[in-house]
Amino acid sequence: MKTSDGSLDLQVLFEAQRTAFAREPYPTWPVRRDRLRRLRALLLAHEREFAEAIDADFGGRPAAETELLEVFPALEEVKSALRHGAAWMKPRRAPVSKWYWPARGSIVPQPLGVVGVIAPWNYPIFLSVGPAAGVLAAGNRLLLKLSEFTPNFGACFAQRVAQAFAADEFAVVNGDANVAANFSALPFDHLLFTGSTAVGRKVMAAAAANLTPVTLELGGKSPTVIAPEYPLEHAAARILTGKLLNAGQTCIAPDYVLLPRGEIERFVELARARARLMYPRGLGDPDYASVVNARQFGRLSAYLDEARAAGARIEALFEGEQRDDARHRL
């Protein structure tokens, strides 16, 4: 299933999964349960290895954050699928119009076939394993495309999945934007994408040629509103936690705060205090994640420069410290 350069042949891989699904279109619960258990075992056995790979990709991503934000939620997804999967498979009665009596109706859950998942770089474990748990619990075959911005994790995860699963059950694909485009163009039975709106449009356009149903989780804005009666200390603590974990590289991290008039100075003080509590060593704290790559660091830096040029007031969370250079991306 590989080309001459050693990369996976997408079309051959897809056809292998489609053929395998045709042989077994309704996997029993024991088959699905076995796949979920292998997924769980894979994550538990290689958790540290995955965290180290992500740390290398980010140029600094604390193992504790990877465990808290990715491993635990991913394991919970698998646990939920194992707990409820058998019940999800059961047919259930559905009402019919009186004009069709004595006929009876029922809803019978059925696997779709071959499902594609395109995962982003910011939470590569959770946004791979989480969807995989649902896909496998539903009795489908899975092709997973990982981001080219986390190459160390991509190579590591692909290797471990290949050791735990047959390629016609669950396979991982790595590669650049061209590979992602070819991946999106495959005639999947369903396609899931998490990422930017711009790329999401391209994914949906490619899928439309095959009438492939698509689930998109795209970027957006996450405003935070503080009501006048709400304790500002609590608000600052919760907002800063959501903003600083993973260096704010989270789709639902707060983008901006709307707060009562006259509370700006106090909020800035409380935000700084919370930042220092979370990261006592400031920008150089080993528990603070780096921005994933120079491209993203440059994009964020440009936002600050643009705001400064427009006359905006810039308040540093760590007073007396300048933004780190692009080598460390802090």
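A pocket, for these legends, is an open set of points on a 1 Å grid over the protein atoms alone, where a 1.4 Å probe fits, with protein on both sides within 12 Å along at least five of seven lines; its lining residues have an atom within 4 Å of a point. This is a predicted model, where local features need pLDDT of at least 70, side-chain atom pairs count only at pLDDT 80 or more, and totals for chains, interfaces and linings use all residues. Residues are numbered from 1 along each chain as its sequence is written, and side-chain values use heavy atoms, with hydrogens and water left out.

**View 1. The second largest pocket and its lining.** Here 23 residues form the lining, and Val-117, Gly-130, Pro-131, Val-135 and Leu-192 sit nearest the centre. Strands S3 (114–118), S6 (190–195) and S7 (214–218) each give two or more residues, as does helix H5 (126–137); helices (H or I, at least four residues) and strands (E, at least two) are DSSP runs, numbered from the N terminus. H5 supplies the largest share, six residues. The space inside comes to about 340 Å³, taken as what is filled by probe spheres set on the points, with grid points joined across faces, edges and corners.

**View 2. Asn-122, in the loop between S3 and H5.** At 11% relative accessibility, Asn-122 counts as buried (under 20% relative accessible area, 1.4 Å probe, protein chains only). Leaving out residues up to four places away in sequence, Asn-122 touches Phe-58, Arg-61, Glu-70, Leu-127, Asn-246, Gln-249, Thr-250 and Cys-251, a contact being heavy atoms within 4.5 Å. Look for the backbone oxygen of Gln-249, 3.3 Å from a polar atom of the Asn-122 side chain. Gly-195 is 73 residues away along the chain, yet its C-alpha is 9.3 Å from that of Asn-122.

**View 3. Asp-57, in helix H3 (residues 47–58).** Asp-57 is another buried residue, with a relative accessible area of 8%. Its partners, again not counting residues up to four places away in sequence, are Phe-149, Thr-150, Pro-151, Asn-152, Phe-153, Val-292 and Arg-329.

**View 4. Residues 3–7, where pLDDT stays under 50.** That score is the predictor's confidence in each residue, from 0 to 100. For this stretch the model has three contacts beyond four places in sequence. For the protein, the mean pLDDT is 92, and 95% of residues reach 70 or more.

Notes: Buried means under 20% relative accessible area, exposed over 50%, partly exposed in between (1.4 Å probe, protein chains only). A polar contact is a pair of N or O atoms within 3.5 Å; within protein, one must be able to donate a hydrogen and the other to accept it, and residues adjacent in sequence count only if both atoms are side-chain atoms.
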